[in-house]
Amino acid sequence: MFKKERTEIDAIDQELVKLFERRMDAVTEIARIKKEHQLPILDQSREDKVLDKVRGLTENKAYEDSVEDLFRSLMTITKAFETKQNEG
Ligand SMILES: C=C(O[C@@H]1C=C(C(=O)O)C=C[C@H]1O)C(=O)O
């Protein structure tokens, strides 16, 4: 049961991890610049734009709210990472 679907999910997860790492590389650089210029971690207007954009990119409208939830969670994770990165 589920073999085909879970094989598909495993392949997708592999790609997602790669993309997540790429995104985190960019986040790490942003965190470094924020620290250098003593800028706040949170940029609410940027987050609002990201959420608008990813909702618009969602082809299956049944997934739109879930995509927003995903990116809200993602940005919570990145902010926590940036905070940790810039401690001390
Ligand atoms: C990565 C940044 O830091 C935070 C995280 C964001 C994100 O993960 O997309 C967006 C805005 C910021 O609240 C940024 O400022 O671009």
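This short talk walks through the helices, core, pocket and backbone of one model.

Good morning, colleagues. The structure is a predicted model, in which local features need pLDDT of at least 70 and side-chain atom pairs count only at pLDDT 80 or more, while totals for chains, interfaces and linings use all residues. Residues are numbered from 1 along each chain as its sequence is written, and side-chain values use heavy atoms, with hydrogens and water left out.

I begin with the core. A nonpolar core here is a set of buried Ala, Val, Leu, Ile, Met, Phe, Trp, Tyr and Cys residues joined through side-chain atoms within 4.5 Å. Buried means under 20% relative accessible area, exposed means over 50%, and partly exposed lies in between, with a 1.4 Å probe and protein chains only. The largest nonpolar core has 7 residues: V50, L51, V54, V67, F71, L74 and M75. Two elements, α2 and α3, each give two or more residues to this core, and α3 gives the most, with 4. Helices are DSSP runs of H or I with at least four residues, strands are runs of E with at least two, and both are numbered from the N terminus. As a general point, nonpolar side chains tend to be buried together in soluble globular proteins.

Let us look at F71, in helix α3. F71 has a relative accessible area of 19% and therefore counts as buried. Beyond its neighbours within four places in sequence, F71 is in contact with V50, L51 and V54, where contact means heavy atoms within 4.5 Å. V67 touches V54 and T58, again leaving out residues up to four places away in sequence. Between the C-alpha atoms of F71 and Q14, 57 residues apart along the chain, the separation is 18 Å.

T78 is also part of helix α3. With a relative accessible area of 5%, T78 is buried. A polar atom of the T78 side chain lies 3.0 Å from the backbone oxygen of M75.

Which residues lie closest to the centre of the largest pocket? I first give its volume: the largest pocket holds about 300 Å³ of space. Of its 14 lining residues, V27, I30, K34, R46 and E82 are the closest to the centre. The elements giving two or more residues to the lining are α1 (3-36), α2 (44-57) and α3 (64-85), and α1 gives the most, with 5 residues. A pocket is an open set of points on a 1 Å grid over the protein atoms alone, where a 1.4 Å probe fits, with protein on both sides within 12 Å along at least five of seven lines; lining residues have an atom within 4 Å of a point. By class, the lining has 6 nonpolar, 1 polar and 7 charged residues.

K84, in helix α3, is exposed, with a relative accessible area of 64%. The C-alpha atoms of K84 and R46, 38 residues apart along the chain, are 20 Å from each other.

Finally, the backbone. Most residues other than glycine have a negative phi. F2, in the segment before α1, has a positive phi near 65 degrees, and F2 is partly exposed at 44% relative accessible area. Q38, in the loop between α1 and α2, has a positive phi of about 50 degrees. At 74% relative accessibility, Q38 is exposed.

Terms used: Points joined across faces, edges and corners; volume = space filled by probe spheres on them. Nonpolar A, V, L, I, M, F, W, Y, C, P; charged D, E, K, R; others polar. Polar contact = N/O pair within 3.5 Å; in protein donor to acceptor, adjacent residues only side chain to side chain.
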